[in-house]
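Dear colleague,

My notes on it follow below.

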Amino acid sequence: MRLLTHNMLSSNIKGVINGFPLRIEADNVVVKQVDFNPDFLKNMFSKIDWKALAEASKIMGYPELPDETPDHSILDSDDFLQKFHHALLELHLEEGALVCPETGRRFPVNKGIPNMLLHEDEV
Amino acid sequence: MSSRPELQAPPEIFYDDVEARKYTSSSRIVGIQAELSERALELLALPNDGIPRLLLDIGCGSGLSGETISENGHQWFGIDISRSMLDVALERETDGDLILGDMGQGLGLRPGVMDGAISISAVQWLCNADKSCHEPRLRLKAFFGSLYRCLGRGARAVFQLYPENNAQRELILSFAMRAGFAGGVVIDFPHSSKKRKEYLVLTCGPPSTSTMTPSAKVEDSNSCSDDESSGDEENQTVSYRNRPRKRQKITKKGKTRSWVLKKKEKMRSKGNVVPPDSKYTARKRKSRF
């Protein structure tokens, strides 16, 4: 699972008000090369929750992203875009878990697939 | 036994390892899926500016529809309830991420982040109550509600579906409308029993000219061109708030002097008291009367 997906996912348990961001427990992280596309990154930039992304990429072992939300003008810098690209699309969480920030419920990640199925009492 | 998989077992059980492999190794199904997803993408009407969008594939299964999205240069991630199908998708090394989840429990995505959603032959599963805790209405409500939230304004969602009957189609539609979507059903090749395919085309936000339901494909012998809008298309536009009121059928037709005289004569013959005929008979009253 890429951090792009992690940045979109939130906990869906009944009663949880703010289920975002899901905390990552990383057991195994793999890097897969993906084609670099600056247009997509520029388009996605405004939709990304930056703090969650920076935090997540740190946990995944890539602390290169700035902590604070960078200004829109930084998108002209190729260096930044490369880092953004790497964090967003190339880091894969292979084994581990996602943890709901409110309830602490663990969603296990197996072979890169997070299991977001809820139990009957959580719907 | 019925041939509809929906009636045989819940999706996570029906699509077990054997069925998942069968599904993806059948070149006929692969071909149909590719065709359906191609058409769904077309109905999604993403702006043609070369920028990859982030799409959601609901009921992605083994990633057959996702492959079409990747071929069109977009990013996607998929959600499916069958682990076996997702395992096949892993083997096929799809480009998008996969999530094991139940769409009937809500999608659990941040608001306004997706540029569009497609779903191939999946939504009709929501109408089944496979477990004791399942209530199709609640599941449809949760699904469409969460989908509406996670789509950006003006984004579209296109579902290809096989409703079992008219009631099921209406049920799905009514919950989509209740969630706030505008749109309707597009039926391609409505007169062909084999090629007939239904698509539910939904748009976030209030209806406008941009949320018009696209026209359906119809049987055409000389071309299978995509922009065929002529002919007997069958669109069921549902939410169209500016629909003019039904015209009241008041016509002056027939109420001429001769009609009135005839009527009076008839009433007289019945023995009713009828005022005598004069030059004023059947004349219009002055407005200041």
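How do the residues of the lining of the second largest pocket divide into nonpolar, polar and charged? Please keep in mind that this is a predicted model. The lining comprises eleven nonpolar, eleven polar and eight charged residues. The pocket itself has a volume of about 640 Å³, and of its 30 lining residues the closest to the centre are Arg2(A), Val34(A), Thr94(B), Asp95(B) and Gly96(B). Two or more lining residues come from each of helix H2 (38-45), helix H4 (78-90) and strand E2 (91-99) in chain A, and likewise from strand E2 (75-80), helix H5 (83-91) and strand E3 (97-100) in chain B.

Chain A also holds an open sheet of four strands in the order E1-E2-E3-E4, paired in the antiparallel sense. Because strand E1 (23-31) and strand E4 (113-114) of chain A each have a single partner strand, they stand at the edges, with one side left without a neighbour in the sheet. Between E2(A) and strand E3 (residues 106-110) of chain A there are four bridges, and Leu98(A) has Phe107(A) in E3(A) as its bridge partner.

Leaving aside residues up to four places away in sequence, Phe144(B) touches Val123(B), Phe159(B), Ile172(B), Phe175(B), Ala176(B), Ala179(B), Phe181(B) and Leu202(B).

Conventions:
Residues numbered from 1 in each chain as written. Chains lettered and ligands numbered in written order. Predicted model: local features only at pLDDT ≥ 70, side-chain atom pairs only at ≥ 80, totals over all residues. Heavy atoms only, no water. 1 Å grid on protein atoms, 1.4 Å probe; cavity = no way out; pocket = protein on both sides within 12 Å on 5 of 7 lines; lining within 4 Å. Points joined across faces, edges and corners; volume = space filled by probe spheres on them. Nonpolar A, V, L, I, M, F, W, Y, C, P; charged D, E, K, R; others polar. Pairing = 2+ DSSP bridges. Contact = heavy atoms within 4.5 Å.
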